[in-house]
Amino acid sequence: MALKRHEHWDTRHYDAHLRQHAKTPSEWGKNDCCLAAANAIQSFTGVDLAQDFRGRYQDERGAFELIAAITGGQSVADALVWCAKKYGLQEHKFPLMAKRRDLVLVDNGRTQIAGTVHLNGRHVVCMSAKQFVRLPISKVVRSWGV
C-alpha cells in the first residue's frame, strides 16, 4: 500500500522540494542520502520515513551503528527495507518498474545510496557524498512504490 500523496504532489510539493534542495550540500545526520530521500517523500506525503533515525547521528559511523541498532542490518539497503516495511511500501518485483516519486536504492559505483525517482521518470535524485545528483534510472537496483 503506497502512502497517500498530497493533491498536486508533483507540480507543487515534490517539484518545489527538488528546486529548493538542488544545491544543498551533503551532511551526515542532516542531509545524507537516506535523509534526503526521506525528506523528498515527506514533502509530498507529510510522512517522515526516517523519523526513527533523524537527529540520532552526526557522522557515517554513527549512521551505520544506528542502522544496526534499529534494523539489525549493516547497509543503506537494510535501512530502506526496514523503512519500506514499516510504512507498507511494496517493493517492485522488477526495480526498473519504479515510477516518479518512488523510493529507490541506487548503485553508485563503490556504494549503494538511497534516492527517489525524479519527476521526468528517467532519472533518480540522490544525495552523493557532496550534493544532490541526478543519475540514470538504469542505476536502480531496488525500488518501492510511494
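My entries follow, starting with ground rules and then the sheet.

**Ground rules**

I am looking at a predicted model, so I note that local features need pLDDT of at least 70, side-chain atom pairs count only at pLDDT 80 or more, and totals for chains, interfaces and linings use all residues. Residues are numbered from 1 along each chain as its sequence is written, and side-chain values use heavy atoms, with hydrogens and water left out.

For naming, helices (H or I, at least four residues) and strands (E, at least two) are DSSP runs, numbered from the N terminus.

**Entry: the sheet**

I looked up the strand order first. The open sheet has 5 strands, in the order S4-S3-S2-S1-S5, with antiparallel pairing. Strands count as paired if DSSP finds at least two bridges between them. S4 (132–136) and S5 (140–144) are the edge strands, each pairing on one side only. From one strand to the next, the twist averages 35 degrees.

Next I walked through the hairpins. S1 and S2 are joined by 5 bridges in the antiparallel sense. I picked out Val 104, whose bridge partner in S2 is Gly 115. This hairpin has 4 residues between the strands, and Gly 109 takes a positive phi near 85 degrees there.

S2 (residues 112–117) also pairs with S3 (residues 123–127), antiparallel again, over 3 bridges. Here I noted Val 117, which has Val 124 in S3 as its bridge partner. The S2 and S3 hairpin has 5 residues between its strands, and Gly 121 in the turn has a positive phi of about 75 degrees.

How many residues of S2 are buried? I get 5 of the 6, so S2 is largely enclosed by the rest of the structure. My cut-offs: buried is under 20% relative accessible area, exposed is over 50%, and partly exposed is in between (1.4 Å probe, protein chains only).

**Entry: H1 against H2**

Two packed helices are described by the angle between their axes and the distance between the axes, so I looked up both. H1 (residues 9–21) and H2 (residues 33–45) pack at about 150 degrees, with axes 8 Å apart. The axes are lines fitted to C-alpha atoms, for helices over the stretch in contact, and angles run from 0 to 180 degrees between N-to-C directions. H1 and H2 are therefore roughly antiparallel (the label for angles over 145 degrees).

Who meets whom? From H1 I have Trp 9, His 13, Tyr 14 and His 17, and from H2 Ala 36, Asn 39, Ala 40, Ser 43 and Phe 44. Contact means heavy atoms within 4.5 Å.

I stayed on Asn 39 in H2. Asn 39 is buried at 18% relative accessible area. Leaving out residues up to four places away in sequence, Asn 39 touches His 17, Lys 30, Asn 31 and Arg 54.

**Entry: Phe 64**

Phe 64 belongs to H3 (residues 60–71). With a relative accessible area of 27%, Phe 64 is partly exposed. Not counting residues up to four places away in sequence, Phe 64 touches Trp 28, Gln 74, Ser 75 and Val 76. The C-alpha atoms of Phe 64 and Ser 75 are 6.9 Å apart, with 11 residues separating the two along the chain.

**Entry: positive phi**

His 8, in the segment before H1, has phi near 60 degrees. His 8 is partly exposed at 34% relative accessible area. Arg 101, in the loop between H4 (76–86) and S1 (103–107), has phi near 95 degrees. Is Arg 101 buried or exposed? Arg 101 counts as buried, at 12% relative accessibility.

**Entry: Ala 129**

Last stop: the loop between S3 and S4, where I found Ala 129. Ala 129 counts as exposed at 77% relative accessibility. Its C-alpha atom is 7.7 Å from that of Asp 32, though Ala 129 and Asp 32 are 97 residues apart along the chain.

Key: Parallel < 35°, antiparallel > 145°, perpendicular 65-115°, else oblique.
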